[in-house]
Amino acid sequence: MLLAKAVILGPELAGLHVPPVPGYLVWAVLLSVAAAVLGRMGPAAEPAVPALLKALDDESAGDAAAESLVKLGKAAVPTLLETMKSGE
(Lines give C-alpha, C1' and ligand atoms only; values in the text may rest on other atoms or scores of the structure.)
Protein backbone atom coordinates (compact mmCIF):
# COMPACT_ATOMS: atom_id res chain seq x y z
CA MET A 1 0.00 0.00 0.00
CA LEU A 2 2.84 2.35 0.80
CA LEU A 3 4.36 1.74 -2.64
CA ALA A 4 1.04 2.57 -4.34
CA LYS A 5 0.75 5.72 -2.26
CA ALA A 6 4.30 6.69 -3.21
CA VAL A 7 3.60 6.16 -6.91
CA ILE A 8 0.42 8.24 -6.78
CA LEU A 9 1.52 11.02 -4.44
CA GLY A 10 5.24 10.96 -4.95
CA PRO A 11 7.74 9.66 -2.43
CA GLU A 12 7.97 12.88 -0.42
CA LEU A 13 4.21 13.17 0.15
CA ALA A 14 4.01 9.49 1.08
CA GLY A 15 6.56 10.06 3.82
CA LEU A 16 9.36 8.23 2.05
CA HIS A 17 12.83 9.61 1.56
CA VAL A 18 13.92 7.95 -1.68
CA PRO A 19 15.22 9.34 -4.94
CA PRO A 20 12.57 9.82 -7.62
CA VAL A 21 11.90 6.87 -9.89
CA PRO A 22 12.48 7.53 -13.59
CA GLY A 23 9.22 7.79 -15.55
CA TYR A 24 10.15 4.95 -17.90
CA LEU A 25 10.56 2.59 -14.94
CA VAL A 26 7.16 3.50 -13.51
CA TRP A 27 5.60 2.91 -16.94
CA ALA A 28 7.32 -0.47 -17.26
CA VAL A 29 6.02 -1.62 -13.89
CA LEU A 30 2.49 -0.38 -14.60
CA LEU A 31 2.44 -2.08 -18.00
CA SER A 32 3.60 -5.38 -16.52
CA VAL A 33 1.05 -5.24 -13.71
CA ALA A 34 -1.75 -4.34 -16.12
CA ALA A 35 -0.88 -7.29 -18.36
CA ALA A 36 -0.85 -9.64 -15.38
CA VAL A 37 -4.22 -8.36 -14.13
CA LEU A 38 -5.76 -8.83 -17.56
CA GLY A 39 -4.59 -12.44 -17.54
CA ARG A 40 -6.36 -12.99 -14.22
CA MET A 41 -9.58 -11.61 -15.67
CA GLY A 42 -9.75 -14.45 -18.16
CA PRO A 43 -12.11 -14.22 -21.16
CA ALA A 44 -13.62 -10.99 -19.82
CA ALA A 45 -10.37 -9.28 -20.89
CA GLU A 46 -10.90 -10.16 -24.56
CA PRO A 47 -11.22 -6.47 -25.60
CA ALA A 48 -7.66 -5.95 -24.35
CA VAL A 49 -6.12 -8.59 -26.65
CA PRO A 50 -4.87 -6.01 -29.22
CA ALA A 51 -3.11 -4.08 -26.45
CA LEU A 52 -1.59 -7.28 -25.09
CA LEU A 53 -0.32 -8.12 -28.58
CA LYS A 54 1.40 -4.72 -28.76
CA ALA A 55 2.84 -5.25 -25.27
CA LEU A 56 4.57 -8.45 -26.46
CA ASP A 57 7.22 -6.23 -28.06
CA ASP A 58 7.83 -4.34 -24.82
CA GLU A 59 11.01 -5.48 -23.10
CA SER A 60 9.58 -5.05 -19.60
CA ALA A 61 6.02 -6.32 -20.15
CA GLY A 62 6.38 -8.88 -22.93
CA ASP A 63 6.49 -11.91 -20.64
CA ALA A 64 3.45 -10.79 -18.63
CA ALA A 65 1.55 -10.06 -21.86
CA ALA A 66 2.38 -13.51 -23.25
CA GLU A 67 1.24 -15.20 -20.04
CA SER A 68 -1.98 -13.19 -20.12
CA LEU A 69 -2.70 -14.21 -23.71
CA VAL A 70 -2.22 -17.85 -22.73
CA LYS A 71 -4.60 -17.43 -19.79
CA LEU A 72 -7.19 -15.81 -22.08
CA GLY A 73 -7.07 -18.99 -24.16
CA LYS A 74 -9.75 -19.25 -26.84
CA ALA A 75 -10.83 -15.65 -26.31
CA ALA A 76 -7.50 -14.45 -27.74
CA VAL A 77 -7.42 -16.74 -30.79
CA PRO A 78 -9.49 -14.68 -33.29
CA THR A 79 -7.40 -11.55 -32.75
CA LEU A 80 -4.16 -13.55 -32.82
CA LEU A 81 -5.14 -15.13 -36.16
CA GLU A 82 -6.16 -11.77 -37.59
CA THR A 83 -2.84 -10.25 -36.55
CA MET A 84 -0.90 -13.13 -38.07
CA LYS A 85 -2.78 -12.81 -41.37
CA SER A 86 -2.17 -9.07 -41.55
CA GLY A 87 1.55 -9.53 -40.87
CA GLU A 88 1.72 -6.96 -38.07
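A residue is called buried when its relative accessible area is under 20%, exposed when that area is over 50%, and partly exposed in between, with a 1.4 Å probe and protein chains only. The model is predicted, so local features need pLDDT of at least 70 and side-chain atom pairs count only at pLDDT 80 or more, while totals for chains, interfaces and linings use all residues. Residues are numbered from 1 along each chain as its sequence is written, and side-chain values use heavy atoms, without hydrogens or water.

Helix α4 spans residues 62-72; helices are DSSP runs of H or I with at least four residues, numbered from the N terminus. Its buried residues are Gly62, Ala64, Ala65, Ser68, Leu69 and Leu72. Seen down the axis of α4, they fall within an arc of 160 degrees, and therefore line one face of the helix; the arc is taken from the directions from the helix axis to the C-beta atoms. An α-helix has 3.6 residues a turn, so residues three or four places apart point the same way. On the other side of α4, Asp63, Val70 and Lys71 are exposed. Gly73 follows α4 and has a positive phi, near 60 degrees.

Within α4, Ser68 has a relative accessibility of 2% and so counts as buried. Apart from neighbours within four places in sequence, Ser68 is in contact (heavy atoms within 4.5 Å) with Ala35, Ala36, Leu38, Gly39 and Leu52.

Helix α2 covers residues 23-41 and includes Met41. Met41 is partly exposed, at 43% relative accessible area.

Note on methods. Helix = DSSP H or I, 4+ residues; strand = E, 2+ residues; numbered from the N terminus.
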